[in-house]
Amino acid sequence: MMKVFIINGGQVFAHSGGEFNNTLTNWTVQFLEKNNIEYKVSNINDDYDAFEEVENFKWADIIIYHTPIWWFQVPNRLKKYIDDVFTAGHNNGIFKSDGRSRVNPAINYGTGGLMHDKKYMVTTSWNAPDTAFTLEGEFFDQTSVDDGILFGFHKMNQFVALERIDGFHFHDLEKNVTQERIDNYQIEYSKHLENTFL
């Protein structure tokens, strides 16, 4: 049976209550339960033991990160969670080394991961509209979320030997949020999960 570990990165901070990422985590859980897929959930707002979280990574076949994007990065508590957990995973199931040898340190960087045969998916939520990434002359210079803002995030997962599954990005969830937009996103995301998992 497939095992899925969900990380809810919707940090509660300032004007952000993490509500959409809570909703998104619930959508994911409902889908997994409906399809009899085993899962575990961690919320980065909760206290955690880094070594126990490493065990969740080792247990899972697929890791799903749900994160908002703050100032073009993941929230600080999600970054701290990753720093703590991946450090605890050194020689403990997540990574062994950077992959290089002292004999020839110029090659093989990023090949020391231990999470072979496991996959990950990331969702992001934004105030920015999708057109900020697609229209000529707009802010992100027609660079996609995955090729731009998430480039380092994807490399981090590649470093520990996780294989990427196509993610899903939710846009315009602050200035232009409507119930219709949320409802449509739920339908689109459910289809994405079906295509990914079934």
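Modeller: Ground rule to start: helices (H or I, at least four residues) and strands (E, at least two) are DSSP runs, numbered from the N terminus. This is a predicted model, in which local features need pLDDT of at least 70, side-chain atom pairs count only at pLDDT 80 or more, and totals for chains, interfaces and linings use all residues. Residues are numbered from 1 along each chain as its sequence is written, and side-chain values use heavy atoms, with hydrogens and water left out.

Colleague: Is A161 buried or exposed?

Modeller: The cut-offs are under 20% relative accessible area for buried, over 50% for exposed, and partly exposed in between (1.4 Å probe, protein chains only). The relative accessible area of A161 is 18%, so the label is buried.

Colleague: And how is Q142 classed, with a relative accessible area of 48%?

Modeller: Q142 sits in the loop between α4 (131-134) and α5, and has a positive phi of about 55° without being a glycine. Its relative accessible area of 48% makes Q142 partly exposed.

Colleague: Back to α5 then. Which residues of helix α5 are buried?

Modeller: The cover over them includes β3 (62-68), α3, β4 (119-125) and β5 (163-164). Helix α5 spans residues 151-159. The buried residues in that helix are F153, H154, M156, N157 and F159.

Colleague: Which residues is F86 in contact with, leaving aside neighbours within four places in sequence?

Modeller: F86 is part of helix α3 (residues 76-88), and counts as buried at 9% relative accessibility. Contact means heavy atoms within 4.5 Å. Sequence neighbours within four places aside, F86 touches F57, Y65, I94, F95, M156 and V160.

Colleague: How are α2 and α3 oriented, roughly parallel or roughly perpendicular?

Modeller: Axes are lines fitted to C-alpha atoms (for helices, over the stretch in contact), and angles run from 0 to 180 degrees between N-to-C directions. α2 and α3 pack at about 80°, with axes 8 Å apart. On a scale where under 35 degrees is roughly parallel, over 145 roughly antiparallel, 65 to 115 roughly perpendicular and the rest oblique, α2 is therefore, relative to α3, roughly perpendicular.

Colleague: Which residues of α2 make the contact with α3?

Modeller: On the α3 side, the partners are Y81, D84, V85, F86 and A88. From α2 come A50, F51, E53, V54 and F57.

Colleague: Which side chain is joined to that of E53 by a polar contact of 2.6 Å?

Modeller: E53, in helix α2 (residues 50-59), counts as buried at 8% relative accessibility. A polar contact is a pair of N or O atoms within 3.5 Å; within protein, one must be able to donate a hydrogen and the other to accept it, and residues adjacent in sequence count only if both atoms are side-chain atoms. At 2.6 Å, the partner of the E53 side chain is that of S42.

Colleague: Last one: how far apart are the axes of α1 and α6?

Modeller: Helix α1 (residues 19-34) and helix α6 (residues 179-197) pack at about 40°, and the two are therefore oblique to each other. The contact involves, among others, W27 and F31 of α1 and Y185 and Y189 of α6. Their axes are separated by 11 Å.
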